[in-house]
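Please keep the sequence and the model in view while reading.

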Amino acid sequence: MILATPVKKVKNKKKKIGAAVLIFISCIIAIIVTTAQNRPGSTLDNSFTSSPTPSPTVNSDELQSQLEAFSTVEDLERIGSPQRNALMWIANRDRSGIDYTDTLFYQRYALIVLYYATQPDTFTSLDVWVDTTKHECDWGRAISCITDSTGMRRLTNIDLAKKRLQGTLPTEIGLLKHLEELRLSENELGSTIPEEIGMLTLLMRLDISKNNLSGIIPDTIRSIEGL
């Protein structure tokens, strides 16, 4: 019986030490968790989990089938082409809510193709004149539109003079059939003038001077009555 008392005391001491160790470990874990949550990286992870980037709402294959009425399949499928870049911009980045089956959707597409065709280095461009969240008629001073009697907003003027444009003019510019003025002077556009500009029968002013364009003015453009 004499030996029993010391044994009980030892057990009690072990219990107390064990409890203290558990408390200590719990405190360490709490400190680690708190520190991890306050790191910048964990903030990004949490925000991504709670608010993921919206998924594209446009099927690129369906969109391409629509755009084949305006551009060749070869251009639409060639990686890095202005037409392919425009297709992917509309499918993955466009947040304007404009339906690609809309009657005037072609003018938005034509402008995006024009943007990519004349901005070879889009990552360092200083003159970004497109906007993923707005109707193209609200992109700023470079674009002007009128609203017709049916409520349609038709693109009538483009003024991209002195915008450091490079590259070439795409054939899709001929889709902008309501254009009355097209100003592209004092840039660095090269290659030839596309015949498709002759499809812009409402043009009253065309200024493509002071560029690096070569060749002759197509007869289709000379035949526009308003010029």
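Angles between axes under 35 degrees count as roughly parallel, over 145 as roughly antiparallel, 65 to 115 as roughly perpendicular and the rest as oblique. Axes are lines fitted to C-alpha atoms, for helices over the stretch in contact, and angles run from 0 to 180 degrees between N-to-C directions. The model is predicted, with local features requiring pLDDT of at least 70 and side-chain atom pairs pLDDT 80 or more, while totals for chains, interfaces and linings use all residues. Residues are numbered from 1 along each chain as its sequence is written, and side-chain values use heavy atoms, without hydrogens and water.

Helix α6 covers residues 105–118; helices (H or I, at least four residues) and strands (E, at least two) are DSSP runs, numbered from the N terminus. The 14 residues of α6 reach 20 Å from the first C-alpha to the last, close to the 20 Å expected at 1.5 Å a residue, where the expected span is 1.5 Å times one less than the number of residues. Since 14 of the 14 residues of α6 are buried, this helix is largely enclosed by the rest of the structure. Buried means under 20% relative accessible area, exposed over 50%, and partly exposed in between (1.4 Å probe, protein chains only).

On the α5 side, the contact (heavy atoms within 4.5 Å) includes Trp89 and Ile90, and on the α6 side it includes Phe105, Tyr109 and Ile112. The residues of this contact divide into 10 nonpolar, 2 polar and 1 charged; Ala, Val, Leu, Ile, Met, Phe, Trp, Tyr, Cys and Pro count as nonpolar, Asp, Glu, Lys and Arg as charged, and the others, Gly among them, as polar.

Helix α5 also meets helix α3 (residues 60–67), with axes that come within 10 Å and cross at roughly 130°. These helices, α3 and α5, are therefore oblique to each other. Ser60, Leu63, Gln64 and Leu67 of α3 make the contact with Arg84, Leu87, Ile90 and Ala91 of α5. By class, 5 nonpolar, 2 polar and 1 charged residues take part.

Where does proline 170 lie? Proline 170 is in the loop between β2 (153–159) and β3 (181–183), and is buried, with a relative accessible area of 7%. Leaving aside residues up to four places away in sequence, proline 170 touches Val113, Leu114, Ala117 and Pro194.
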